[in-house]
Amino acid sequence: MEDILIMKRYHKSIFSVTLLLTACLIFGLIGTGFAAHVPIPLLDADGNPIATPDPAGTVAPAFSVKTTCGACHGDKVTYPQLLSYDEIENHSYHAQLGANQLAEWNSANPKPWGQQSPGHFGKW
Amino acid sequence: MAHIFADVPGGVKFELGMEPFAYASEADFIDRVDLSVPGMMQDCAECHIGGGGMEYVPAPNLADRVPLRDFYATAVFDHLTTPQTGAYSAADYTAFNYFIDTYDVDNDGDLNEVQEADFAKLGVLEMDCMLCHLKGYEYVDRRDMLRAAKFDASRAVGAGVAEQNNVSFGTAGYGTSVYYNDQVVDNGGFLEFGSSILANLKATPPSDNCAFCHFNHGGVDWKKRGDNWKNDPNYDVHTVLGCMGCHEGKIGSEIGTSGDPNSSAIGQCDPAKGNAPYSSLWNANDNTMKTCADCHLKAGWDAGLGEYSNDFGAPDPTARHQALGLTAQLCQTAADGNVNASHLDILECTVCHVRKATTEAWNTGGAVVDATGPDAEGRLADHENEYVSRMMFDGTVTNLSYAWQNGKIYATNVLNTIFWRDKEPTFDANGDGQLDAMDALLMTDVLADDLAKGWTNIVKDNSGTVTNIEVGARIASLNAYLNTKWGVTNANVKLATLAVPFKVNHNVSPASYALGHDCADCHAPGEFFDRTYAMQGDGMNLTFDSTQVTPFTKLGGTTPTDFHPSLKDRAGTSIPLQVLSGNTTLRDIETGEMLYPPSASYTGADGNPYATRAAWVAYLNTVGGAVGQAVATIASIDNATNPGSPFEVGDAMDLTAGASAAGSTYYWTVQDAPGTLTGQTVTGYVLNNPGTFQVLLTVVGPKGDLKQQWAKITVVNKAAATTVDSIVANSGSATVTINLINLPAAADYDELYVRYGDGTWETIAYDGTDDNAQTVVRDYRLRDTYLNGTNYVYTTTVQVKNGGVVIETIKFKVTIPQ
């Protein structure tokens, strides 16, 4: 009788562990899914959705990151916490490379490339 | 070089707007332009992300910028005809819609022709989010698209979701359409990224993506930093943190969106910046990244932000630095004899901690950029052939030099760009409209002459060994080319170099490699202050006649130098340093030449004057032992009680330190008891406990530096003299009398501590009789557990103690018949 009780406890324990592992697996995978980015429709430079090529294997417009990423990163209603493409591009020295630092004409050093910006734009 | 915006007459400021400069004709454009905006997009953008001037025509107000896509559709500011009269067209030759075809986009073999950049056909370089945020991004594929001027396609191909089309240059869709692959999926008739792309989009850019442009990748880093570094924990102890561990903005940092270059707020997608000495790009963002001190000294705390950022558990090195004397006031903030700074006050951490101590092949720097001709990939200068690079470590010596920035010395690697320029003051050799004697030649002119002669760059063509013969041949050829091009007879081409001291601050080595463990690491001849620093590549031998070269510039209009003016002394004055001009080779330098002007006078910490750099460096090379530094040497540890014998409990110990600098203070700690002893010599320290202990000598020098040395001693109990004279035990009786003799004199012990071996113990006071004997009477516990045959047997221990200290210990057996 005691052996039977032990076996029942053993099976119950195995069942619990299996249930726990399964739950971990399921919720773990769901967690991975949640960790990935939300679906991203591809948009062209004009902001139009890019149609699936028909027939397959034909050319299609290259996607624009400004419109594709900007569809959410700029939608201040749905995603108010996200900065827009323009906000990021405006305030990025990696993007501007001096294009936002163009200075006035320097009559003392009037080379066309010499004094217009400290970065690539206007420095050459 | 290109004239991008029209000159503004009458001093009218750019705030009113900027009008693209229009060249008179295609011929005028090709005469005066080597690199226009589309050319930058093809070439420079291999390491630049797009956006800014690669997406818009710049304007003072960012909101007023005209997209390059609309260059032919929207009126761009026209200063001379306000209101604006209309958009530009293909008939207008500007730096925005034409370029020199150095990458041969039409595959006709002509690299010096003009091509139109119709952005409706090419696309533009938007700021490519994927380049940083997509794990597995294909940098090389993107670069190939850029060189082909397929700008919109560069993002899709770089992301790995498409291949380029087969459309010819000049045809609609050339740079704007692609063949998508299975990394995108259909959703209701429209495309979206597949799951693999979504899963690989990372909020924090993977370090491998930073590596595209910032380390150990195709030599691109030599352009940015002058040397490579490797993402390997053996060569950078911070590798595990990833790039953003240090370059992510600190918690509480303001995130900017205004685009105002005077804003200190960092961009959300800009890594926080350090402080390059020669850079002036958006300097308001300088010093926004985590510094060594932020993590190692402040636990991540930023007082200005009032927040803790992650310090990654960085160890605080203060004690170690103090022990090495690096926090002691031994140095000067000015060489005026006023000793008012520590080594840490005047050295950036990287000076000692970036050692680059490996001979592995990746550990190279770009000694020379050869801009006398194209490289193997068609770029108009060669950063990376086998002759222009150099190893950063030769197995013994780290090949770095040093320079000042804001009163601190930083480690640097100098990158020399050799290039052609015209010295004739009456001849405008590059068509920039300015007559001066410093015209850098158009790179496309150099390319055209090289191609006509079958040359590439001069170092590569001559397998690294270049003499005045080869230099003279190229000068003659370029003079003839320019004379023909411009219809003159006085072209006067010279070779010049621009030496830029790049800041070296990656590859932080394990601390054991650091300088500063000994003064002589730096303060010795041939080390920090006068080590030979090579300016040429390991495979180079560039020689020439002194008449074939010219300085890069003249400081103050009079003093020639080949270095960027950012090479400054500690007070911030540019140091003139000629390494090519005035010489017949691109000469090696001594490291001290980058730190100290040759003719300045100095006053040492010893108060003595030094009239020249040479005298000053000679002084610095010997200064380590001359300024009263601490020395910690344990000269002897002696047994004063029994000289020459091992220590026993109760023995007295004498300690002697070797002499340190005058004014030093000596501290001793002996681990067997709390407390600190002072003095170069300590006598009569009584060892009260048995065991093995550390003896630590700490010496603080007169300037506050600290040195330590330790030794180990072992103390054993004294051999016991006390013996058992007799034990009186009767059969069946618990009472036992133990007579002890040969005990110490009465003055030397005050109690006995007895463990009877039957589970009981007691402390028995000295019996008051100074006869070296004492009797112990005890009723033992007669338990079966102690029964051995017919006797009860007990192992009894007696400790003779004085003042709580065990003087002797004896053990013996007590036997009681059953």
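A residue is called buried when its relative accessible area is under 20%, exposed when the value is over 50%, and partly exposed in between, with a 1.4 Å probe and protein chains only. By that definition B:Arg379, at 6% relative accessibility, counts as buried. The structure is a predicted model, in which local features need pLDDT of at least 70 and side-chain atom pairs count only at pLDDT 80 or more, whereas totals for chains, interfaces and linings use all residues. Residues are numbered from 1 along each chain as its sequence is written, chains are lettered from A and ligands numbered from 1 in the order in which they are written, and side-chain values use heavy atoms, with hydrogens and water left out.

**Chain A**

- Chain A holds four helices and one strand; helices (H or I, at least four residues) and strands (E, at least two) are DSSP runs, numbered from the N terminus.
- Read from the N terminus, the order of these elements in chain A is α-β-α-α-α.
- Of the 124 residues in chain A, 34% are buried.
- Contact means heavy atoms within 4.5 Å; of the contacts in chain A between residues at least 6 apart in sequence, 12% join residues at least 24 apart.

**Interface of chains A and B**

- On the chain B side 78 residues are in contact with 58 residues of chain A.
- About 5900 Å² is buried between chain B and chain A, and carbon and sulfur atoms give 65% of this area; buried area is the accessible area (1.4 Å probe) that two parts lose on being put together, summed over both.
- Between the two chains, 29 residue pairs are in polar contact, both residues being at pLDDT 80 or more. A polar contact is a pair of N or O atoms within 3.5 Å; within protein, one must be able to donate a hydrogen and the other to accept it, and residues adjacent in sequence count only if both atoms are side-chain atoms.
- One salt bridge is found across the interface of chain B and chain A, where a salt bridge is a side-chain nitrogen of Lys or Arg within 4 Å of a carboxyl oxygen of Asp or Glu.
- B:Arg65 and A:Glu89 form a salt bridge with their closest N and O atoms 2.8 Å apart.

**Salt bridges around B:Arg379**

- Over all chains, the whole structure contains 30 salt bridges.
- B:Arg379 pairs with B:Asp375 in a salt bridge whose closest N and O atoms are 2.9 Å apart, and both residues are buried.
- A salt bridge also links B:Arg379 to B:Glu377, at 3.6 Å between the closest N and O atoms; B:Glu377 is partly exposed because its relative accessibility is 32%.
- Another salt bridge joins B:Arg379 to B:Glu384, with 2.9 Å between the closest N and O atoms; B:Glu384, with a relative accessible area of 27%, is partly exposed.
- Through shared partners, salt bridges connect B:Glu46, B:Arg143, B:Asp144, B:Arg147, B:Asp375, B:Glu377, B:Arg379 and B:Glu384 into one network.

**An open sheet in chain B**

- In chain B, five strands make an open, mixed sheet in the order β31-β37-β36-β33-β34; two strands pair if DSSP finds at least two bridges between them.
- The edges are β31 (647–648) and β34 (677–678) of chain B, each having a single partner strand, so one side of each lacks a neighbour in the sheet.
- Strands β36 (residues 691–700) and β37 (residues 706–716) of chain B are antiparallel and share ten bridges; B:Phe693 has B:Ile713, in β37(B), as its bridge partner.
- B:Leu677 belongs to strand β34 of chain B and is partly exposed, with a relative accessible area of 23%.
- Not counting residues up to four places away in sequence, B:Leu677 touches B:Leu655, B:Tyr666, B:Tyr667, B:Trp668, B:Val670, B:Val682 and B:Tyr685. B:Tyr667 is ten residues from B:Leu677 in sequence, and their C-alpha atoms are 5.7 Å apart.

**Other local sites in chain B**

- Helix α18 (residues 613–622) of chain B has B:Arg613, B:Trp616, B:Val617, B:Tyr619, B:Leu620 and B:Asn621 buried; the cover over the buried residues of α18(B) includes β28 (602–603) and β29 (609–610) of chain B.
- B:Asp302, in strand β13 (residues 301–302) of chain B, is buried at a relative accessible area of 17%.
- The side chains of B:Asp302 and B:Lys250 are joined by a polar contact of 2.9 Å. Apart from neighbours within four places in sequence, B:Asp302 is in contact with B:Lys250 and B:Glu307.
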